[in-house]
Amino acid sequence: MTALLLAIVIAVLAVGGRPDPAALRAAAITLDGSWQFHIGDDPGWAALGIDERGWETLDLTAPPGSHDGDVGLPGYVGGWMAHGHPGYQGYAWYRRTVDVPAGDRAWEVLGPTALDDGYELYWNGVRLGGSGRLGTAPRVVGVRPLRYALPADAAGHRGVLAIRAYMQPGIPAGADGGGMHIAPILAPRPVGDALYRVQWWRTVAGYIVDLVEPLAMFALAGLALAWRRRSGHPGFLGIVAVALVLSALKRLENATYAWTDLLSLPAYVGWMNIVLAPLGFSAWAIAWNRWCPRPWRWLDATAVALAAAGIAGGAMQIAVLTRIDRLGVLALLAVIAARIAREATMRVLALATLAWVVVAQFPDELSELGITGIWFPLGIGVSRTQYAYAVAIPLLAVLIVRTMAPQATTRLPELERE
C-alpha cells in the first residue's frame, strides 16, 4: 500500500509541478506591474473615475523564478506588509486599468491564486465574484484557482479591474503577508480554460500528500484496533490508534482548507491550535508510555496536564502556554525513549519509529535549529513533516505487526498438533 500511494503521489507531483505551457502564457496577459493601492475599505473604490491621487503604487512584477514557500506557486511577490504597511490586517483595495484586445473572442480573468486572505473582484464597478464572503461578517476560506468571465462587449475596450482584499485580523502572519501575492491573468476563453486546469493541477499537487498520508493513518489506526486484543502491547495499540486519528485529521485540515470552502480561516486555525495539536501531542506521549513494560502513571498525568495547557494557550492565544505544552511533551518523549532503550522490547525498531514520529510532530522546533522545512521536488513543496510521516507510517505498521509475534510463537506447538 505504501508503494502504491507513493506512486500516486509522485505522479500527481510530476503533473502539478510542470510550468505553465509557454504557448498558453504567450496567449494570455499577466496583469502584473503597477497597481494602485489603498488600505481601508470603501465600496465606492470599485467604481470608474474615482480620484486616485491619494493612492499608493505597488509593483506586482515577480522576480524570475520566484515562487511561494509552501506549494511552489510561480510568480510570487511580497504583500503589503513588505511594502510599507507592516503589521496591518484588515481591508485594502487594488486597482488598475486593463486594455482588452479587440476581436470576437470572449475574455476572462483568472483570479490571484495566492492572497491573504479573501477577496472580491470587480470589473468597471460590477462585482464578478470572489473568494469567501466579505462585508459586515467576513468569512475567509482558502484561496484557490477561480475565473471570472468579462462582459461580452469587453473586447477592444479599456476597463478598470478592482480587487477588494481582506486579511483576517488576529491570525499570525509573516513579514511579507497581506493582500495579493500573485497577479491575476487576462486570457481568451479557450486559453483561460487550459490555464485554469493547470492552476488546479498545481493546487491539487500542493496538498495531495495531506490527503494520502491521512488515509494511510486511518488505515493504520484500524489495523491497530483490529489486532489490539491479539497483541502483546494492547495498551499501546489502543492509544496509538487515537494518536493516528488526531494526526490524520490535523494533516487533512490542510487539504480541506486548500480545496474546499468547508473551513473558514479562524476555524482552520482554531481546530489546529486548540484541539488537534495539543491532544495529538499528549496522545503520542501516552501511547509510547505504554510501549514500556509498566507505564508510568505520573507521565500520563503530566501529558494530560500539558494538553490542558496547550488547549488553553490556543484558545486564549497565549503563546507561552502553547510553548510549555510542546516542549513539555517533547521532554516526556525523551524520557520514554530512554526507558525504551533500557528495558523495552524491539527497542531498535521502536526507537526508530518514535524518532520519526517526533520529527513529524515538532516541525517548529526543528526549524528553530535551522533545518529546512520544505523542499520542492518536481516543483511542488513537500514539507519535512510529510517526509517524516512517509517513513514513520510504514515503520509503525511493521511495529504493529511485530507485536503479534509473541502470540504466534506460543500458539505454534498447538497449531502443529492440529
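**Backbone, cores and pockets**

Guide: Start at Leu378, which counts as partly exposed because its relative accessibility is 46%. The bands are buried under 20% relative accessible area, exposed over 50% and partly exposed in between, with a 1.4 Å probe and protein chains only. The model is predicted, so local features need pLDDT of at least 70 and side-chain atom pairs 80 or more, while totals for chains, interfaces and linings use all residues. Numbering runs from 1 along each chain as its sequence is written, and side-chain values use heavy atoms, leaving out hydrogens and water.

Visitor: What is the phi of Leu378?

Guide: Positive, about 60°, although Leu378 is not a glycine. Leu378 sits in the loop between strand 13 (374-375) and strand 14 (382-383). Most residues other than glycine have a negative phi, and most peptide bonds are trans.

Visitor: Where is the cis peptide bond?

Guide: Between Asp116 and Asp117, with omega about 0°. Asp117 lies in the loop between strand 6 (115-116) and strand 7 (118-123).

Visitor: Back up a bit. How many helices and strands does the chain have?

Guide: It has 12 helices and 14 strands. These are DSSP runs, numbered from the N terminus: helices are H or I with at least four residues, strands E with at least two. The C-alpha trace spans about 90 × 45 × 35 Å along its principal axes. Of the 418 residues, 48% count as buried.

Visitor: What share of the contacts is between residues 24 or more positions apart?

Guide: Such pairs make up 77% of the contacts with a separation of 6 or more. Contact means heavy atoms within 4.5 Å.

Visitor: On to the largest nonpolar core. Which members touch the most others?

Guide: Phe236, Trp288, Ile340 and Leu396, out of 56 residues. A nonpolar core is a set of buried Ala, Val, Leu, Ile, Met, Phe, Trp, Tyr and Cys residues joined through side-chain atoms within 4.5 Å. Elements giving two or more residues to this core include helix 1 (2-16), helix 5 (234-259) and helix 11 (384-402). Helix 6 gives the most, 9 residues. Another core lies apart from this one, with 29 residues, among them Leu60, Val100, Tyr119 and Val143.

Visitor: Which residues does Leu396 touch?

Guide: Leu220, Phe236, Val240, Leu244, Trp284 and Thr353, not counting residues up to four places away in sequence. Leu349 and Leu396 are 47 residues apart in sequence, yet 8.8 Å apart in space, C-alpha to C-alpha.

Visitor: Is Leu349 buried or exposed?

Guide: Buried, because its relative accessible area is 17%. Leu349 is in helix 9. It touches Leu395, Val398, Leu399 and Arg402, again not counting residues up to four places away in sequence.

Visitor: Which residues line the largest cavity?

Guide: Leu244, Trp284, Val357, Tyr389, Ala392, Ile393 and Leu396. Helix 11 supplies the largest share of that lining, 4 residues. The lining has 7 nonpolar residues, no polar and no charged. Nonpolar covers Ala, Val, Leu, Ile, Met, Phe, Trp, Tyr, Cys and Pro; charged covers Asp, Glu, Lys and Arg; the others, Gly among them, are polar.

Visitor: And what is the volume of the second largest pocket?

Guide: About 550 Å³. Of its 32 lining residues, Asp20, Arg25, Leu73, Pro74 and Gly75 are the closest to its centre. That lining divides into 14 nonpolar, 13 polar and 5 charged.

Notes: 1 Å grid on protein atoms, 1.4 Å probe; cavity = no way out; pocket = protein on both sides within 12 Å on 5 of 7 lines; lining within 4 Å. Points joined across faces, edges and corners; volume = space filled by probe spheres on them.
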